[in-house]
Amino acid sequence: MQSTPDFNSARLARSLLRRSRQGALATLMTGSGDPYCSLVNLASHPDGSPILLISRLALHTKNILADGRVSLMLDERAEGDPLEGARIMLAGRAEEATEAAVPLLRRRYLGVHPSAEAFVDFKDFAFFRVRPTGAHLVAGFGRIIDLKPEQFLTDLSDAAPLLEAEEGAAAHMNEDHREAMNLYATRLLGAESADWICTGCDPDGIDMQADRKTLRLDFPERVTTGTELRKMLIRLAAEARAKGSSHSG
């Protein structure tokens, strides 16, 4: 099936990847090859691919180290019938992070799972990244589509300056601009007022979190530098304030 004006499959897939904090991870049992499923916490890489922090003592990690093929089920956790919410099944390979990649993965993961600070440095824990080979999106009746990685992952080829600025930009937003974060959430995304924080930025948008709730704010166009990001966030804050004044007028 094709995307329609009211249903953008690639955008919904990206949103699910960015907003999900837990998922069901399926691995292959060593020896038998039988399917094995477990619940894992996750975060997203700037390109949208899932980041895992898992222990080598866990069965799923032993399975991955023997055969990296995995699938990951992420869902919206909709109230009422969970089958009425959107969900995505991601297929791919889980790869242990190189030493050079760990600082970025660690920062992104701890940004959404601060309680993991308690064990992130334990010797048996390691970061893994799921490299998707495809996805199966179910978004309601008649809205079922298979997607290729290039349709839902974010292109980072021209975004090195943004990635360098991301940590400082997120910290700045959280320390000095909580009001703007709340405006994005309430006026641009229709969410409840809360203590929203920025957990990550990428060329396509920013990720936000308040307690267990998560939001994705998509940018109207790509940003690839820290300067472009700053201008975009100011622009969106102005749009949010204008929306508020138009409602009250």
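This report walks through salt bridges, cysteines and helix packing in a predicted model.

## Ground rules

Because the model is predicted, local features need pLDDT of at least 70 and side-chain atom pairs count only at pLDDT 80 or more, while totals for chains, interfaces and linings use all residues. Residues are numbered from 1 along each chain as its sequence is written, and side-chain values use heavy atoms, with hydrogens and water left out.

## Salt bridges across the chain

Let's start with charge pairs. Side chains of opposite charge can pair when their charged atoms come close. Here a salt bridge takes a side-chain nitrogen of Lys or Arg within 4 Å of a carboxyl oxygen of Asp or Glu, and the count comes to 20.

One of them joins glutamate 96 and arginine 56, at 2.3 Å from N to O. That pair links distant parts of the chain, 40 residues apart: glutamate 96 sits in strand E6 (residues 87-96), and arginine 56 in the loop between strand E4 (50-55) and helix H2 (59-66). Helices (H or I, at least four residues) and strands (E, at least two) are DSSP runs, numbered from the N terminus. Glutamate 96 is partly exposed at 36% relative accessibility, and arginine 56 is partly exposed too, at 31%. For the record, buried means under 20% relative accessible area, exposed means over 50%, and partly exposed is in between (1.4 Å probe, protein chains only).

## A buried pair and its network

Arginine 108 and aspartate 207 also form a salt bridge, with N to O at 3.6 Å. Arginine 108 belongs to helix H3 (residues 102-112) and aspartate 207 to strand E10 (residues 205-210), so this pair ties together parts that are 99 residues apart in sequence. Both ends are tucked away: arginine 108 is buried at 3% relative accessibility, and aspartate 207 is buried at 2%.

Then there's aspartate 218 with arginine 216, whose closest N and O atoms are 3.4 Å apart. Aspartate 218 is partly exposed at 27%, whereas arginine 216 is buried at 7%. Both belong to a network of salt bridges that links Arg11, Arg18, Arg107, Arg108, Glu166, Glu167, Asp202, Asp207, Arg216 and Asp218.

A disulfide needs a pair of cysteine sulfur atoms within 2.5 Å, and the count here is 0. Cysteine 198 is in no disulfide, and its nearest cysteine sulfur, that of cysteine 201, is 3.8 Å away. Cysteine 201 is likewise in no disulfide. As for accessibility, cysteine 198 is buried at 5%, and cysteine 201 is buried at 1%.

## How the helices pack

H3 packs with helix H5 (residues 160-176) at an angle of about 40°, their axes 12 Å apart. Axes are lines fitted to C-alpha atoms, for helices over the stretch in contact, and angles run from 0 to 180 degrees between N-to-C directions. H3 and H5 are therefore oblique to each other; under 35 degrees counts as roughly parallel, over 145 as roughly antiparallel, 65 to 115 as roughly perpendicular and the rest as oblique. Leu104, Arg107 and Arg108 of H3 make the contact with Leu163, Glu166 and Glu167 of H5, where contact means heavy atoms within 4.5 Å.

On the H5 side, Met173, Asn174 and Asp176 meet Arg178, Ala180, Met181 and Tyr184 in H6.
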